[in-house]
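Good morning, colleagues. May I ask you to look at the model on the screen while I go through its parts in turn?

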Amino acid sequence: MKHNLHFLLLIFFLGCAGKDPGPEPRSRDEIMREMANLPALYLTKDGSNREAAGGQACFVDEASGELFWMALECKNPKCPAKVESGKSHIFIMPDPGVFVNEKGKLDFDSEMEEQALRKGGFLGCQKCIPLRQKQMLWSGRGAETQAEKNQYAKYVAPHVLPETKKREGELEKEMVARVAWEKENAP
Ligand SMILES: [Zn+2]
């Protein structure tokens with residue numbers, strides 16, 4: 001008897017709700033996993049390029065032994081490359097201590113890194129260097145302030161492939177829908 005009552009209540013509830021809740025949307029983890037693995041652009045020092053899962057600073061191509069670095073771009077609206085071509089300059093900033101060893105694996109040499117850091121120079125977009133030199137001359141200091149260095153560091157952002165940008169937008173919407181579904185279906 002009790003069982004039948006439940007059954008009737010269920011029919012009543014479905015009748016009132018009216019709409020089919022549909023299949024369960026993908027979980028947050030699944031969406032996050034796809035987001036983390038969307039393709040990104042990687043470049044070698046020689047200018048070879050490759051698309052691979054995003055989120056890696058660098059990787060070694062097993063076949064060629066080449067070291068690929070995540071492609072970056074300059075967001076400075078006054079970047080000479082941007083002013084000239086209308087397109088952001090795409091480049092890499094390899095860690096000077098990272099290299100590929102005889103076994104074809106990533107390796108690290110802190111001495112090499114320290115040496116490069118001691119040498120100094122401009123970190124960031126190489127196309128922006130003339131602007132920075134002009135600024136140094138104009139200020140009469142002959143060097144950049146930490147704030148100026150930080151500003152140019154902030155202009156450096158990962159380069160996002162157009163199809164990855166589009167997919168990211170879709171996944172963000174999917175995530176919003178998933179969160180709303182969880183609220184609706186909370187026990
Ligand atoms: Zn630049």
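Ser-110 is exposed, because 8 other C-beta atoms lie within 10 Å of its own; a residue counts as exposed at 12 or fewer such atoms, as buried at 20 or more, and as partly exposed in between, with C-beta atoms placed from the backbone. This serine belongs to helix 4, residues 110–119. Helices here are DSSP runs of H or I with at least four residues, strands are runs of E with at least two, and both are numbered from the N terminus.

Residues are numbered from 1 along each chain as its sequence is written.

Let me stay with helix 4. Of its 10 residues, the count of buried ones is 0, so the helix is hardly covered by the definition of burial just given. Gly-120 follows helix 4 and has a positive phi, near 75°. Helix 5, residues 129–139, is likewise hardly covered, with 0 buried residues among its 11. Gly-140 comes after helix 5, and its phi is positive, near 75°.

Now to the chain as a whole. The protein chain has 7 helices and 9 strands. Buried residues account for 8% of its 187 residues. Two residues are in contact if their C-beta atoms, placed from the backbone, lie within 7 Å. Among contacts between residues at least 6 apart in sequence, 53% join residues at least 24 apart.

How are the strands arranged in the sheet with the order 2-1-4-3? These 4 strands form an open sheet with antiparallel pairing, where two strands pair if DSSP finds at least two bridges between them. Strand 2 (49–53) and strand 3 (58–60) are the edges; each has a single partner strand, so one side of each lacks a neighbour in the sheet. On average, neighbouring strands of this sheet are turned by 35° against each other, direction ignored.

Strand 1, residues 39–43, pairs with strand 2 in the antiparallel sense over 5 bridges. Their hairpin has 5 residues between the strands, and in it Gly-47 takes a positive phi near 95°. Strand 1 is also joined to strand 4, residues 67–70, by 2 bridges, again running antiparallel. Two residues of this sheet show both pairings. Tyr-42 stands opposite Arg-50 in strand 2 and has Met-70 as its bridge partner in strand 4. Leu-43 stands opposite Asn-49 in strand 2, while its bridge partner in strand 4 is Trp-69.

A further open sheet has 3 strands in the order 6-5-9, with antiparallel pairing. Its edge strands are strand 6 (90–91) and strand 9 (156–158), each pairing on one side only. Strand 5, residues 72–74, runs antiparallel to strand 9 and is joined to it by 3 bridges. Leu-72 stands opposite Pro-158 in strand 9.

I turn to a helix pair. The axes of helix 2 (residues 28–36) and helix 7 (residues 162–184) come within 10 Å and cross at roughly 170°; axes are lines fitted to C-alpha atoms over the stretch in contact, and angles run from 0 to 180 degrees between N-to-C directions. Helix 2 is therefore roughly antiparallel to helix 7, a term used for angles over 145 degrees. In this contact, Arg-28, Ile-31, Glu-34 and Met-35 of helix 2 meet Glu-168, Leu-171, Glu-174, Met-175 and Arg-178 of helix 7. By class, the contact has 4 nonpolar, no polar and 5 charged residues; Ala, Val, Leu, Ile, Met, Phe, Trp, Tyr, Cys and Pro count as nonpolar, Asp, Glu, Lys and Arg as charged, and the others, Gly among them, as polar.

Finally, confidence. The mean pLDDT of the protein chain is 90, and 89% of its residues reach 70 or more; pLDDT is the predictor's confidence in each residue, from 0 to 100. Which elements have the lowest and the highest mean pLDDT? Helix 1, residues 2–17, has the lowest at 52, and strand 1 the highest at 98. Where pLDDT is low, the predicted coordinates should not be read in detail.

Terms used. This is a predicted model: local features need pLDDT of at least 70, side-chain atom pairs count only at pLDDT 80 or more; totals for chains, interfaces and linings use all residues. Angles under 35 degrees count as roughly parallel, over 145 as roughly antiparallel, 65 to 115 as roughly perpendicular and the rest as oblique.
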